[in-house]
Amino acid sequence: MSDTLPVSDINSIYDDAMTQIYHLMFADHLADFKNLETFFPELFAEESDKLDLSAIAYDKDNESRVRILAFRRLKEMGITTDEKNLLGVIIENHFKDGGMDTLAIYADGQVRYINQANKLVVSEHAIDKALQAEVFKLSQNILPVLGPWDKPRLPPPAADFLRVTFLVNGDIYFGQAPTDVAFEDEMMAPIANAMLQVLLKTIEKASNSTEE
């Protein structure tokens, strides 16, 4: 995957508050999670114990992004695993007009969605367990084709492009293509369509909550 893919400036897409939340979705900068230090001091210790970090990383009761941070610390210590723990899937759909929908779903069921109008929806629980499980099942099939990205995370995709990012252990895997191509691709289209269904259900839930 080339690091010269078409990208955009995040600050031209979202306001400052949503930009910060956007970056938090990927859990790739420990300093952004400083509020967790009281609960997970092992993550922030200069000389963390690998057993403590492993306990956090493999504990399925922990929030998925906390597990990602622990896996990233382990990787910094040279400790990796062949086991691919898929902990999050994020889709960025950048429209021709410049707006972008970003939807993240995590292994713990949580959902975070920023729409093109700078509105945020957060669900601490799965919107649709079966549908989200299908996204993760489909995503596992594409990981061997992609491989981990070994450079800093790219800015958002350019207008009229779609990107799907997979958070695996402490690594980032992703696929990007023009939107029309992505929705026709044999491996990418099923994931994109399933994520779109989660997005629609997320919007519906948010709308119902507002009406109540």
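Me: Which residues line the largest cavity?
Reply: The model is predicted: local features need pLDDT of at least 70 and side-chain atom pairs 80 or more, while totals for chains, interfaces and linings use all residues. Residues count from 1 along each chain as its sequence is written, and side-chain values use heavy atoms, without hydrogens or water. A cavity is a set of points on a 1 Å grid over the protein atoms alone where a 1.4 Å probe fits but cannot get out, and lining residues have an atom within 4 Å of a point. The lining is Phe 26, Glu 92, Trp 149, Arg 153, Leu 154, Arg 163, Thr 165, Ile 172 and Phe 174.

Me: Which elements give two or more residues to the lining of the largest cavity?
Reply: Strands here are DSSP runs of E, at least two residues; helices are H or I, at least four; both are numbered from the N terminus. Arg 163 and Thr 165 are in the lining, and β5 spans 161-168. Ile 172 and Phe 174 line the cavity too, and β6 spans 171-178. The elements are β5 and β6.

Me: How many residues of that cavity lining are charged?
Reply: Asp, Glu, Lys and Arg count as charged; Ala, Val, Leu, Ile, Met, Phe, Trp, Tyr, Cys and Pro as nonpolar; the others, Gly among them, as polar. Five lining residues are nonpolar and one is polar. Glu 92, Arg 153 and Arg 163 are in the lining. The charged count is three.

Me: How much space lies in the largest cavity?
Reply: Volume is the space filled by probe spheres set on the grid points, joined across faces, edges and corners. One cavity reaches 30 Å³ or more. The largest holds about 50 Å³.

Me: Which element gives the most to the lining of the largest pocket?
Reply: A pocket is an open set with protein on both sides within 12 Å along at least five of seven lines. The largest pocket holds about 330 Å³. Among its 18 lining residues, Asp 28, Arg 72, Lys 151, Pro 152 and Arg 153 are closest to its centre. With three residues, the top contributor is α4.

Me: How many charged residues does the lining of the largest pocket have?
Reply: α1 (16-26), α4 and β6 each supply at least two residues to this lining. By class, seven are nonpolar and three polar. The charged residues number eight.

Me: Which residues of α4 does α3 meet?
Reply: α3 covers residues 50-57 and α4 residues 64-76. Contact means heavy atoms within 4.5 Å. From α3 come Lys 50, Leu 53, Ser 54, Ile 56 and Ala 57. In α4 they meet Val 66, Arg 67, Ala 70, Phe 71, Arg 73 and Leu 74.

Technical notes: Axes are lines fitted to C-alpha atoms, for helices over the stretch in contact, and angles run from 0 to 180 degrees between N-to-C directions.
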